[in-house]
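Here are a few exercises to work through with the model on your screen. Try each task yourself before reading the solution.

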Amino acid sequence: MCSVSRERAEGRRVIVEVDDKVAKVRNIKVDSRLDSIWDSREKTVAFSFDYCYWSVDPEDPKYASQEMVFQDLGTSVLSGAFRGYNICLFAYGQTGSGKTYTMMGTPASIGLTPRICEGLFSRKDDYSDQTASCRVKVSFLEIYNERVRDLLKQSDRKKPYTLRVREHPETGPYVQGLSQHLVTDYKQVVKLLEEGIAKRITASTHIHNASSRSHAIFTIHYTQAILENNLPSEIASKINLVDLAGSERADPSYCKDRITEGANINKSLVTLGIVISTLAQNSQMFSSCQSINSITSEGESSHTDTPPSGSAGATRRPAYIPYRDSILTWLLKDSLGGNSKTIMIATISPASSSYNETMSTLRYASNAKNIINKPRVNEDANVKLIRELREEIDRLKTMLMSFELRNSSPSWSDDRDGNLTELVLQNEMKVCMLLDAVTISRSTRPGE
């Protein structure tokens, strides 16, 4: 996503263009040389992505509005949440390139986060019958100088950073003591968003007058209670909407606190880059190992006399992923490489003066495309097992009926029918036991 109005106002040369889903950057290191005609390096570097947006003049036919971005990305976030998947959407880029504008927006041009929240409550209003309902809780935190602060809770000025990150063996990393707020309509969400944004730490830099100096994570816990096959069930989705602090080069003219602040920002962003790079490397290695194993298995099946030999990638182990090297990557552990559908928005400045940062951001995003996550629907384990057992019972009953209709070999058929009937009865008993367990657990829940 490119924003160019400020750069043009300052008279800087634009070196980026967008062609459908391809972002092209003019190589100024070649373009500025007098003997560039003899230089073998490419004059233009192209990066392809799922979507590319050009935010220039609203009158420009290529102009990408906030509504267009929401229709492409926000609707996929909502679709995944409604189906019970964890979702993460984060914006990364240089200071002043439009991350906060894209995620939060302005009163005149609403960003992705408010639009996604509005979409959730539009769906909530559709639950007019008694068979389905939903519950929405939100939290808002910032990570500043590798410390976590709750943006929706009044904190003691003497001890403003008291929150610690823990890791649960099943649910993963979480912030101990982080407040969660139950919201019942869109207006309450907007109020909490505005309250949290007002508390974020910002400062003036050479590039931006009000640059975000912290990483902000707005989390939505969206739980749906539904009635599936006359059985009460819950599916839960966790939506992380992340506005990262901008990367920026250190300047000796800054004061000591500002240099320390920038160093911590860059540390977390560098760690994020290492994590993404390692995850991409592991994903590529896993894909290549699968290909090698499939080729090897085909070769072994055609040469049965040849003893099986280990595949070339079998001895290679996945590289270590340094999630805990920064608070940001630790908190986003599941979102980056686990049970989550993740969308990365890379914002860039198309000005020639930002060439190095632009190229770094695009390479960063291009590398992230190679990561393969394994998202799964977050539903009640007992309800899922009951559904699978019922499907198995139906399959066994169908097999039983087919054997009874054929009945070509009575002795063999009787034995097979007996085994199938026994399996059906065992599965039906399991279903009854699980139904009793679900009923008991729901009746003993507090507040119900």
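**Exercise 1.** Find out whether F140 and F218 are buried or exposed, then work out how their rings are arranged.

*Solution.* Start with burial: F140 is buried, and F218 is too. Here buried means under 20% relative accessible area, exposed means over 50%, and partly exposed is in between, using a 1.4 Å probe and protein chains only. A quick note before going on: this is a predicted model, where local features need pLDDT of at least 70 and side-chain atom pairs count only at pLDDT 80 or more, while totals for chains, interfaces and linings use all residues. Residues are numbered from 1 along each chain as its sequence is written, and side-chain values use heavy atoms, with hydrogens and water left out.

Next, the rings. Rings of Phe, Tyr and Trp (its six-membered ring) pair if their centres lie within 6.5 Å; planes under 30 degrees apart are stacked, over 60 edge-to-face, and the rest tilted. The centres of F140 and F218 are 5.3 Å apart and the planes meet at 90°, so this pair is edge-to-face.

Last, look at where they sit: F140 is in strand 7 and F218 in strand 14, 78 residues apart, so to speak a link between distant parts of the chain. Helices (H or I, at least four residues) and strands (E, at least two) are DSSP runs, numbered from the N terminus.

**Exercise 2.** Which residues have the most contacts inside the largest nonpolar core?

*Solution.* A nonpolar core is a set of buried Ala, Val, Leu, Ile, Met, Phe, Trp, Tyr and Cys residues joined through side-chain atoms within 4.5 Å. The largest one has 39 residues, and F218 and I220 have the most contacts inside it. Helix 3 gives the most to this core, 7 residues. Now zoom in on I220: beyond its neighbours within four places in sequence, its contacts (heavy atoms within 4.5 Å) include C117, L120, V136 and L241.

**Exercise 3.** What lines the largest pocket, by class?

*Solution.* On a 1 Å grid over the protein atoms alone, a pocket is an open set of points where a 1.4 Å probe fits, with protein on both sides within 12 Å along at least five of seven lines; lining residues have an atom within 4 Å of a point. The largest pocket has 40 lining residues, with N86, T171, P173, H221 and K238 nearest its centre. By class, 14 are nonpolar, 15 polar and 11 charged. Ala, Val, Leu, Ile, Met, Phe, Trp, Tyr, Cys and Pro count as nonpolar, Asp, Glu, Lys and Arg as charged, and the others, Gly among them, as polar. Strand 15 supplies the largest share of this lining, 6 residues.
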